[in-house]
Amino acid sequence: MKFYFMHLMPYADLDPDYDQKYNSAWITLPNSYYDPEKGHVLYNRYLDELEYADQLGFDGVCVNEHHQNAYGLMPIPAVTAGALSRRTRNVKIAVLGRALPLLNNPLVVAEEFTMLDNITGGRLIAGFVRGIGAEYHAWGVNPAESHGRFHEAHDLIVKAWTEPGPFTFEGKYYDFEYVNTWPRPYQQPRPPIWIPSQGSSETIDWASHPSRKYTYLQTFTPVSMLAKYMKMYKEVAEGHGYEATEDQLGWSVPLYVAETDEIARREAQPHIEAFLNKFLRMPKEMLLPPGYLSLKSMMGVMKAKSSIGSKQTIDSVMEKGMFICGSPATVREKLEQYQKEIGFGHLLTLLQFGTLPAELTRKNMEIYAKEVMPYLRDKTAAPATAAAGGAGG
Amino acid sequence: MPFRDTTETIAGCKTRIMRGGSGAPLLFLHGANGAAHWLPFMEALSERYDVIVPEHPGFGASDMPDWLDNIGDLAFFYLDVIDHFGLDRVNVVGQSIGGWVAAEMATRNDSKLASLILVAAAGIRIVGVRKPDMFLWSPEETVRNLFHDQSLAEKALANPPSTDEEQMVMLKNRLTTAKLGWQPRLYNPDLEKWLHRISVPTLILWGDNDKVIQPEYGPAWADRIPGARLQTFAECGHLPHVEKADDYVASVSSFIEESAR
């Protein structure tokens with residue numbers, strides 16, 4: 001199993017009482033809540049944390065993309081990744097992003113990713129997403145075109161990386177006389193591709209297809225859902241006549257480890273609850289604009305008693321395995337068990353979340369890197385496999 | 001007056017159509033909430049007219065055809081509908097998004113039209129009079145913002161879509177509304193350039209307390225369509241055919257009679 005340090009770069013200085021006036025930390029929350037002086041300090045602190053992960057021996061760092069919100073300050077993840085590309089030496093840099101349907105010209109992603117891949121000498125992992133529903137409010141892109149634009153933009157980018165240019169591209173949403181991306185990818189034939197998702201059978205069908213074999217990344221969901229979707233991926237792969245490797249499965253989860261269970265819970269509580277109830281806060285209409293999900297999936301959401309909007313606590317998310325928290329022994333035991341049962345090969349831990357301050361973030365990173373990671377590396381040493389995302393696939 | 005509830009295949013799309021009454025043809029083009037039921041105003045109009053109420057492709061019980069991408073596709077579809085039924089001297093009444101479709105259709109070809117009635121129509125933009133973002137409204141806000149008289153909103157809120165079918169239709173209508181009107185928001189920048197082509201008598205109707213598309217849009221339409229007349233309903237929201245059904249039927253009928261002379 002490989003270990004990644006994921007950051008959302010929240011605006012941790014957000015006035016927590018904003019929700020007395022506004023119903024979301026996204027889209028409609030006035031940006032007068034953002035103080036550039038504080039932002040400057042946060043950006044540099046967060047970049048230091050990402051760089052520290054390289055020194056602590058993580059396999060990779062992950063940056064993120066969201067627009068017009070206090071939840072994450074990385075609207076243009078290539079800026080973050082670019083800053084990291086020269087200040088880190090060993091880690092992979094996963095951009096998770098990029099939200100392809102938002103772009104009028106997806107070739108900008110083909111270009112920024114190949115630049116990063118060349119500068120780092122092949123340390124880039126290329127993430128492709130549709131973005132969450134709020135992005136469609138932020139950017140004005142039609143959510144009913146989200147799936148169509150995603151698939152077409154993906155086809156265009158992969159073709160730009162793997163086929164000699166110049167060529168013409170004739171799609172429904174994109175039509176180009178010249179596709180001739182300079183530079184070409186450093187990793188040949190292309191960087192590994194990861195597909196983060198909150199859980200979707202349609203996405204699994206697509207990502208697991210033998211022509212792609214992309215790494216499917218389950219983000220912030222209960223362990224039971226994680227298990228369900230990972231199993232689904234393996235079964236679909238089997239249906240295609242191949243066995244999915246653990247390189248094709250990843251999990252992204254917030255985690256806090258401290259000296260004891262009690263200390264961990266006490267230190268993490270206010271910050272994970274701020275993450276859940278302040279930073280993630282948005283009404284359903286914002287999260288799920290019409291067309292973002294298929295009608296069938298949308299009906300499923302309507303019927304499920306959704307937790308969107310309802311208050312969550314540290315206990316409720318720990319119980320569901322959406323947040324891993326405890327002493328090194330507790331955390332080791334849980335992760336070892338989940339990994340054994342579910343079989344994911346990439347573990348993306350969010351070691352800063354919500355308002356978690358710098359000193360606790362560093363302590364969390366250090367204990368995790370010294371007392372959890374090495375143990376799990378030994379225990380879960382799988383037969384060595386090629387880079388994820390089926391490079392060449 | 002009984003109405004017929006049928007499915008016709010037009011432009012390859014299975015289309016649900018309610019039709020009742022006799023007299024001059026009246027084609028009603030519904031708004032974002034679809035046209036699931038034969039409403040009292042339809043019944044009243046059917047006493048004098050041959051009232052034809054399709055559910056647009058992508059709405060209600062009609063199919064979602066592959067060709068449906070934008071409002072122009074629906075405009076051409078309704079020209080096909082007129083040909084399909086061999087209609088002539090049609091009175092077209094369009095509500096909200098249906099008004100947008102009607103205006104788009106009439107700019108393309110109004111030779112089979114007798115009159116055009118646009119009610120709280122989407123389709124144009126007045127810079128500085130931004131339509132509110134209905135896609136961020138909660139279900140309750142949406143219902144409340146449709147009506148001036150909040151007792152009507154209360155009544156609607158007391159009877160939300162309950163069956164799976166009704167909920168599915170609601171989601172489908174919302175999806176197609178987004179498809180047609182998300183970006184640019186509920187207008188076509190090219191439409192107003194060609195509204196001068198409309199040569200049939202045109203009536204613009206608006207509620208004076210429309211919270212979905214502001215009443216300022218009424219005069220804007222009337223200015224852009226040659227000879228168009230504007231009438232405003234007092235104490236009325238976005239759905240005059242529901243909220244002021246008697247006045248609405250009277251206005252529509254008298255305009256159609258006048259246009260026929």
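The model is a predicted one, in which local features need pLDDT of at least 70 and side-chain atom pairs count only at pLDDT 80 or more, while totals for chains, interfaces and linings use all residues. Residues are numbered from 1 along each chain as its sequence is written, chains are lettered from A in the order in which they are written, and side-chain values use heavy atoms, with hydrogens and water left out.

Rings of Phe, Tyr and Trp (its six-membered ring) pair if their centres lie within 6.5 Å, and planes under 30 degrees apart count as stacked, over 60 as edge-to-face and the rest as tilted; by this rule there are 25 aromatic pairs over all chains.

Begin by selecting A:W251 and A:Y338, whose ring centres are 5.8 Å apart and whose planes stand at 80°, so the pair is edge-to-face. A:W251 is buried (under 20% relative accessible area, with a 1.4 Å probe and protein chains only), at a relative accessible area of 0%, and A:Y338 is buried too, at 11%.

Next, select B:F135 and B:W182, a tilted pair with 4.7 Å from centre to centre and 40° between the planes. Both B:F135 and B:W182 are buried.

In chain A, A:K213 lies over the face of A:Y242, at 4.3 Å from the ring centre.

Finally, select A:W26, A:Y71, A:F220 and A:F275, which ring pairs link into a cluster.

Key: Buried < 20%, exposed > 50% of the residue type's maximum accessible area, 1.4 Å probe, protein only. Lys NZ or Arg CZ within 6 Å of the ring centre and 35° of its normal.
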